[in-house]
Amino acid sequence: MEELEKLDGILNDAENEMKDVDDLNELQQRKANYLGKKGIIASIMANMKSLTVDEKKAIGMKSNKIKQDLEAFFENKKKAIEDAIVSKKLESETIDVTLPGYKLPTGGIHPLNQTIMDLEDLFVGMGYKVAEGPEIETDEYCFEKLNLPKGHPARDMQDTFYINPELLLRSQTSPVQVRTMLEEKGEPIKIICPGKVYRRDADDATHSHQFMQCEGLVLGKDITLGDLKGALLEMFRKMLGADRNIRLRPSFFPFTEPSVEVDVSCGLCGGKGCNTCKHTGWIEVLGAGMVNDNVLRMCGYDPKEIQGFAFGIGVERITMMKYKIDDIRNFYTNDLRFLNQFKEEK
Ligand code: PHE
């Protein structure tokens, strides 16, 4: 009988046809070609009208068996495709933990911050504490309590950004000394105060309207100018090299008496004289002095009991000397070609 033969071949056909199918939708469609309402099995059944009862029975039984086999076959095939999809996914998502990672670009420490960190390290090593204060200051703390009353001609030494008659952007870190003295109420002090300061200067190779200072203040019994010189010599030798020397020249600051200008021996010529040091062998680097009695009194100290010194380091200045940088604007223009030179790991 033709139909029986047909039925016999169907499972084989399906197996052959489905060999390369790896997509679930496609499998579903092809399954319908065999088992659907208009599928091969259904059409064989539809053609049975002309057959005898026995023939119908034989074909009915056979087709039921084939249907079951086909169902089982398609079910297995579906599982196999699903398994293959999962394996493929797992394979593609495997992580090789031994591969080296991506290198993310990192920033470096800004050379000015590095100088401040170096200064903090070395002064803390000498027993100093680090003190900080606000960048928006009062006229009282920035000037008046530093022996600079309103109208004093020495105020012109620092051209200041005023917010209103009483508030300003600090032009020096000295007000942090005032704040510390008022807090310590007559007790000995040993601090440095690093931070940003502002002045109404036109920016050029050696001036910046915003720059950094690191002020120092030491108050105690019998502190002398010799102690100041010792502390500064130690600082310069650690920062710039053990062969450096310093000298003190008389100067004027309203908050110190006597006041000195400190020169450091030129690193380029070793003190013999060159263009950089204008053939003097020395480079002027900072202002300092013994704290003025008026300042001590205004900040709650008795000058007969406690004396001391103060100094103001220009952070840019010393950084420029250390790395031989010739333009202060390099620190503030954020050019990576400049900044990357200071990164430890490139
Ligand atoms: N504050 C001074 C300036 O900015 C520097 C200085 C500090 C001088 C401490 C003497 C003592 O010019």
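Visitor: How far is the ligand's oxygen atom from an N or O atom in the side chain of R199?
Guide: That distance is 2.8 Å. For scale, a polar contact is a pair of N or O atoms within 3.5 Å; within protein, one has to be able to donate a hydrogen and the other to accept it, and sequence-adjacent residues count only if both atoms are side-chain atoms. This is a predicted model, so local features need pLDDT of at least 70 and side-chain atom pairs count only at pLDDT 80 or more, while totals for chains, interfaces and linings use all residues. Residues are numbered from 1 along each chain as its sequence is written, and side-chain values use heavy atoms, with hydrogens and water left out.

Visitor: Which residues come nearest to the ligand?
Guide: There are 14 residues around the ligand (a heavy atom within 4 Å), and Q172, S174, R199, Q213 and E215 come nearest. By class, the shell has 5 nonpolar, 7 polar and 2 charged residues.

Visitor: Which strands supply at least two residues of that shell?
Guide: β5 (210-220), β8 (282-291) and β9 (307-314) each do. β9 gives the most, with 3 residues. Strands here are DSSP E runs of at least two residues, helices are H or I runs of at least four, and both are numbered from the N terminus.

Visitor: Switching to R155. Buried or exposed?
Guide: R155 counts as buried because its relative accessibility is 13%. The cut-offs are under 20% for buried, over 50% for exposed and partly exposed in between, using a 1.4 Å probe and protein chains only.

Visitor: Where is R155 in the fold?
Guide: R155 is in the loop between α6 (139-142) and β3 (167-169).

Visitor: What does the R155 side chain make polar contacts with?
Guide: One partner is the side chain of D139, at 2.8 Å, and another is the side chain of Y162, at 3.1 Å. Beyond neighbours within four places in sequence, R155 is in contact (heavy atoms within 4.5 Å) with D139, F143, E144, L148, P149, K150 and Y162.

Visitor: Where are K278 and N334?
Guide: K278 is in the loop between β7 and β8, and counts as exposed because its relative accessibility is 69%. N334 is in the loop between α10 (315-323) and α11 (336-339), and is exposed, with a relative accessible area of 56%.

Visitor: Zooming out, how many helices and strands does the protein have?
Guide: The protein has 11 helices and 9 strands. Its C-alpha trace spans about 135 × 45 × 40 Å along the principal axes. Of the 346 residues, 40% count as buried.

Methods
Ala, Val, Leu, Ile, Met, Phe, Trp, Tyr, Cys and Pro count as nonpolar, Asp, Glu, Lys and Arg as charged, and the others, Gly among them, as polar.
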